[in-house]
Amino acid sequence: MRVLTAPEGIYAPHVTTDIEYRVERPCDRAAVLRVHARAFGDHGRKVGELLEALSESPAELPELSIVAARGREVIGHAAVTKSLLDAPERLVDVAVLSPLGVLPEEQGRGVGSELVRRAVAATAEAGWPLLFLEGDPGYYSRLGFEAAGGHGFRRPSLRIPEPAFQVVRLAAHEPWMTGTLVYAEPFWHHDCVGLRDTI
């Protein structure tokens, strides 16, 4: 079993003593799908289908699929998968944090924030240059994410509000790595790029 740790600074762990953060095990998958089904409500089934498709695709990074568990119960999950950056010089493998889910009764207790911290730390440790996500800038900015557009990155879809297109530039990032984020195929197949119901 690999228990994830985080470096000092903004990603230093804020651990609730009864919660373990670790890499997902095969036996966790059913519980992980239940977490997302409950966390995403009406969209839970779609998110679960996306997660299953990602796990069966070249985008899967099993070492970066992180669960929060209290005893034997999985209460939260964060998936980091591979996508591409269409940079002027060449295509670059980059990471995307999606989906992130926490059981409704466990929300507001720092579990989601800690999952994000662990995901960023593990992604950096694995040598990825960039980690992208779609999300509330008010929430993710305190976890080190910045508006990606301000650093030369372009959204994969205009359905993503510009402020919601977020990135963390990691140690392996080089200045020439700018351009358009191209999500892995399962995001497009399951229509999980941007928000159609808010247009």
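Phe132 is buried, as is Phe153, where buried means under 20% relative accessible area, exposed over 50% and partly exposed in between (1.4 Å probe, protein chains only). This is a predicted model, with local features needing pLDDT of at least 70, side-chain atom pairs counting only at pLDDT 80 or more, and totals for chains, interfaces and linings using all residues. Residues are numbered from 1 along each chain as its sequence is written, and side-chain values use heavy atoms, leaving out hydrogens and water.

Me: How are the rings of Phe132 and Phe153 paired, stacked or edge-to-face?
Reply: Rings of Phe, Tyr and Trp (its six-membered ring) pair if their centres lie within 6.5 Å; planes under 30 degrees apart are stacked, over 60 edge-to-face and the rest tilted. By this rule there are five aromatic pairs. For Phe132 and Phe153 the centres are 5.3 Å apart and the planes at 90°, so the pair is edge-to-face.

Me: How many disulfides does a search of the whole structure find?
Reply: A disulfide is a pair of cysteine sulfur atoms within 2.5 Å. Cys27 is exposed, at a relative accessible area of 65%, whereas Cys192 is buried, at 16%. The number of disulfides found in the whole structure is zero.
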